Amino acid sequence: MANYCITNYVFTGSKEEIAELYSIFNKKYSDDSNENNWLGNIVAEILDPNYTLYHRGWFWNVKLEDENTLSFETETAWHPCYQLFDFISKRYFLSYYFKGYEPNCGVYVTNDVNKKYFKYANKILLICFIR
């Protein structure tokens with residue numbers, strides 16, 4: 001059994017691209033079924049079926065913060081889904097920020113080094129630069 005990593009994401013960009021991404025998440029999102037909010041549904045919606053990315057997990061709490069900002073959370077195995085969200089940011093010409101933590105193995109990661117979106121209460125935080 002995997003240790004769960006909870007990750008908060010904020011995507012920013014043009015209102016058209018944010019609206020399109022929001023509609024994809026919203027189409028799949030459901031509060032009452034893990035089948036609907038499985039990350040694999042997002043992968044199937046935006047990728048060629050022959051293209052594979054790690055997507056073991058679920059998403060929830062999808063919100064349009066404003067017309068240029070989309071936020072949501074994921075629960076994945078062991079670590080954030082870096083490849084998937086890097087792909088989405090490139091596909092939709094968006095920037096994204098994340099804060100992930102998996103406390104059993106002591107994983108605390110972020111790319112929000114300026115604390116623009118995530119204010120940290122953690123006393124120890126490992127900052128990883130992914131790119």
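This report walks through the fold of one protein chain, from the overall layout down to a single residue.

What you see is a predicted model: local features need pLDDT of at least 70, side-chain atom pairs count only at pLDDT 80 or more, and totals for chains, interfaces and linings use all residues. Residues are numbered from 1 along each chain as its sequence is written, and side-chain values use heavy atoms, with hydrogens and water left out.

The protein chain has 3 helices and 5 strands. Here helices (H or I, at least four residues) and strands (E, at least two) are DSSP runs, numbered from the N terminus. Read from that end, the elements go β-α-α-β-β-α-β-β. Of the 131 residues in the protein chain, 40% are buried. "Buried" is under 20% relative accessible area, "exposed" is over 50%, and "partly exposed" is in between (1.4 Å probe, protein chains only).

## The sheet

Let's start with the strands. They form an open sheet of 5 strands in the order S2-S3-S1-S4-S5, with antiparallel pairing. Two strands pair if DSSP finds at least two bridges between them. Strand S2 (57-66) and strand S5 (107-110) are the edge strands, each pairing on one side only. From one strand to the next, the twist averages 15 degrees.

Now for the individual pairs. S1 and S3 are antiparallel over 9 bridges, and Thr7 has Thr74 in S3 as its bridge partner. S2 and S3 share 7 bridges, also antiparallel; here Trp60 has Glu73 in S3 as its bridge partner. A hairpin of 2 residues joins S2 to S3. S3 is mostly covered, with 8 of its 9 residues buried. Strand S4 (residues 95-102) pairs with S5 in the antiparallel sense over 4 bridges, and Lys99 stands opposite Thr110 in S5.

## Helices on the sheet

H2 packs on the sheet, touching S2 and strand S3 (69-77), and its direction makes about 70 degrees with that of S2. H3 packs on the sheet too, touching strand S1 (4-12), S3, S4 and S5, at about 165 degrees to the direction of S4. Contact means heavy atoms within 4.5 Å. Axes are lines fitted to C-alpha atoms, for helices over the stretch in contact, and angles run from 0 to 180 degrees between N-to-C directions.

## Where two helices meet

The axes of helix H2 (residues 39-46) and helix H3 (residues 82-91) come within 12 Å and cross at roughly 40 degrees. Which residues of H2 and H3 make the contact? On the H2 side they are Leu39, Ile42, Val43 and Ile46, and on the H3 side Leu84, Phe85, Phe87 and Ile88. By class, that gives 8 nonpolar, no polar and no charged residues. (Ala, Val, Leu, Ile, Met, Phe, Trp, Tyr, Cys and Pro count as nonpolar, Asp, Glu, Lys and Arg as charged, and the others, Gly among them, as polar.)

H3 has several buried residues: Leu84, Phe85, Asp86, Ile88 and Ser89. Just after H3, Phe93 takes a positive phi of about 55 degrees.

Ser95 is found in strand S4. Is Ser95 buried, exposed or partly exposed? Its relative accessible area is 37%, so Ser95 is partly exposed.

Ser95 and Thr12 are 83 residues apart along the chain, yet their C-alpha atoms are separated by 5.3 Å. Leaving aside neighbours within four places in sequence, Ser95 is in contact with Val10, Phe11 and Thr12.
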